[in-house]
Amino acid sequence: MDQAIVIRAAGGPDVLRCESVTVGAPGPGEVRLRQSFVGVNFHDCYVRSGAYTTLQLPGIPGLEAVGSVEAVGPDVHAFAIGDHVGYITRAYGSYASARIIDAAMLVRLPAWLDDRTAAATLLRGLTAQMLVCQVFPVRADHTVLVHAAAGGVGRLLCQWASHLGATVIGTVGSEEKARIAANSGCSHTILYRSEDFVERVRAITAGRGVDVVYDSVGKDTFLGSLQALAVRGHLANFGQSSGVIDPFRISLLFDKSNSISRPGVFHYFVGAERDAMARALFAALEHGVITAERPHEYAFVDAAQAHHDLEQRMTAGAVLLAV
Ligand SMILES: NC(=O)c1ccc[n+]([C@@H]2O[C@H](COP(=O)([O-])OP(=O)(O)OC[C@H]3O[C@@H](n4cnc5c(N)ncnc54)[C@H](OP(=O)(O)O)[C@@H]3O)[C@@H](O)[C@H]2O)c1
């Protein structure tokens with residue numbers, strides 16, 4: 001019998017219950033995956049709490065995992081039993097010890113990459129690649145502001161942007177996180193729960209503002225992020241960890257000819273671009289552009305604790321369930 005974390009009704013972390021499930025044989029185009037590590041993402045908390053109603057209940061949440069191929073269905077030629085693979089998917093269902101998945105979703109993991117590191121980096125790393133290389137391609141002469149700079153995506157953004165030569169400013173919720181952000185390439189850190197980050201950014205940039213803000217915090221930071229932009233600066237809002245952003249006047253952008261995007265990785269990690277993005281991510285890991293340091297690792301049955309800690313801002317870096 002296999003195990004899965006099932007949500008029967010939306011609510012707090014305690015609605016995440018470990019149940020026995022039967023995983024059958026893969027159909028045409030599918031594989032059965034024996035999973036080793038499951039990535040826990042902030043998105044999963046929205047799905048669990050009911051803020052997102054994108055998972056049909058009862059259902060198994062989760063967007064990513066890694067593991068090895070245990071069985072292949074008819075017509076699957078790209079993968080064989082024993083292959084080490086990972087995936088990100090909007091089809092959910094990754095909080096499980098084994099699952100059936102469409103083979104087209106799988107990414108083959110390089111031999112040098114261990115499962116733990118892969119699970120800690122796949123979704124967050126592809127998101128960082130999308131933001132730094134595609135949404136607003138960072139250059140050495142840019143100054144970049146990253147909110148939640150010690151977070152899972154935040155740390156990778158800081159590392160990647162600083163590798164590209166940019167000056168990186170990071171906001172963080174504690175002194176300990178400031179140290180993590182500084183070690184991840186931030187030249188300046190701001191404790192945005194006690195300091196006015198707009199004032200600090202103006203002081204750091206001699207009044208100019210930043211070329212781009214990567215903002216996953218949303219509600220609490222949105223207007224300040226706009227204020228912190230330079231003329232023609234870009235605000236990439238890619239999350240809402242503090243809540244949904246209030247409606248705003250688009251004419252606010254006219255003051256400094258600013259632009260805003262609201263990108264989602266599943267619209268970028270598609271078709272032929274999937275391979276290129278995965279290759280870029282693996283190359284960045286292999287060459288030390290980004291690192292997956294010490295993910296917060298929880299036993300599979302402790303998924304509720306993982307959600308609690310992520311929501312209470314107690315984690316820094318990636319969060320994993322070890323199956
Ligand atoms: N658009 C996409 O395709 C995409 C892909 C992946 C992730 N995301 C989004 O990116 C964000 C980061 O994801 P992650 O998994 O790496 O999480 P994370 O950044 O490791 O955790 C969230 C962090 O946000 C900060 N935060 C600020 N206000 C908060 C509040 N009111 N409640 C909770 N946290 C708050 C906290 O850092 P401090 O303590 O330093 O403030 C917290 O540690 C999430 O919003 C996620 O949905 C978007």
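**Charged pairs and their setting**

Guide: Arginine 139 is partly exposed, with a relative accessibility of 48%. Keep in mind that this is a predicted model. Aspartate 141 has a relative accessible area of 52%. Exposed means over 50%, so aspartate 141 counts as exposed. Side chains of opposite charge can pair when their charged atoms come close.

Now for another pair. Arginine 200 and glutamate 195 join their side chains in a salt bridge, with 2.9 Å from N to O. Both partners are partly exposed: arginine 200 has a relative accessible area of 26%, and glutamate 195 stands at 28%.

Next come lysine 219 and aspartate 246. Their side chains meet in a salt bridge at 3.3 Å, N to O. Lysine 219 sits in the loop between β11 and α6, while aspartate 246 sits in the loop between β12 (229-237) and β13 (259-261), so this pair ties together parts 27 residues apart in sequence. Lysine 219 is partly exposed at 41% relative accessible area. Aspartate 246 is also partly exposed, at 47%. Across the whole structure, a search finds 12 salt bridges.

The surface also has a nonpolar side. Leu223, Phe248 and Ile250 make a nonpolar patch of about 310 Å². Leucine 223 belongs to helix α6 (residues 222-227). Its relative accessibility is 47%, which counts as partly exposed. In total, the protein exposes about 13,900 Å². Carbon and sulfur atoms supply 52% of that area.

For contrast, turn to two buried threonines. Threonine 205 lies in the loop between α5 (197-204) and β11 (210-215). Its relative accessible area is 14%; buried means under 20%, so threonine 205 is buried. A polar atom of its side chain lies 2.9 Å from the backbone nitrogen of glycine 209. Leaving out residues up to four places away in sequence, threonine 205 touches Thr143, Ile169 and Val210.

Threonine 89 is in the loop between β5 (84-88) and β6 (98-102). It is buried too, with a relative accessible area of 4%. Its side chain reaches the backbone nitrogen of alanine 91 at 2.9 Å. Neighbours within four places in sequence aside, threonine 89 contacts Leu63, Arg99, Ile101, Met105 and Phe266.

Step back to the whole chain. The protein has 9 helices and 15 strands. Its radius of gyration is 20 Å, close to the 20 Å that the globule rule gives for 323 residues, so it is as compact as a globular protein of that length. Along the principal axes, the C-alpha atoms fill a box of roughly 60 × 40 × 35 Å. Of the 323 residues, 54% are buried. Take the contacts with a separation of 6 or more: residues 24 or more positions apart account for 68% of them.

Note on methods
Residues numbered from 1 in each chain as written. Predicted model: local features only at pLDDT ≥ 70, side-chain atom pairs only at ≥ 80, totals over all residues. Heavy atoms only, no water. Helix = DSSP H or I, 4+ residues; strand = E, 2+ residues; numbered from the N terminus. Buried < 20%, exposed > 50% of the residue type's maximum accessible area, 1.4 Å probe, protein only. Polar contact = N/O pair within 3.5 Å; in protein donor to acceptor, adjacent residues only side chain to side chain. Contact = heavy atoms within 4.5 Å. Patch = residues over 30% accessible without salt bridge, like charges linked within 9 Å, V, L, I, M, F, W, Y side chains within 5 Å. Areas by Shrake-Rupley, 256 points an atom, 1.4 Å probe, with all protein chains shown as cover. Salt bridge = Lys/Arg side-chain N within 4 Å of Asp/Glu carboxyl O. Rg over C-alpha atoms; globule rule 2.2 N^0.38 Å.
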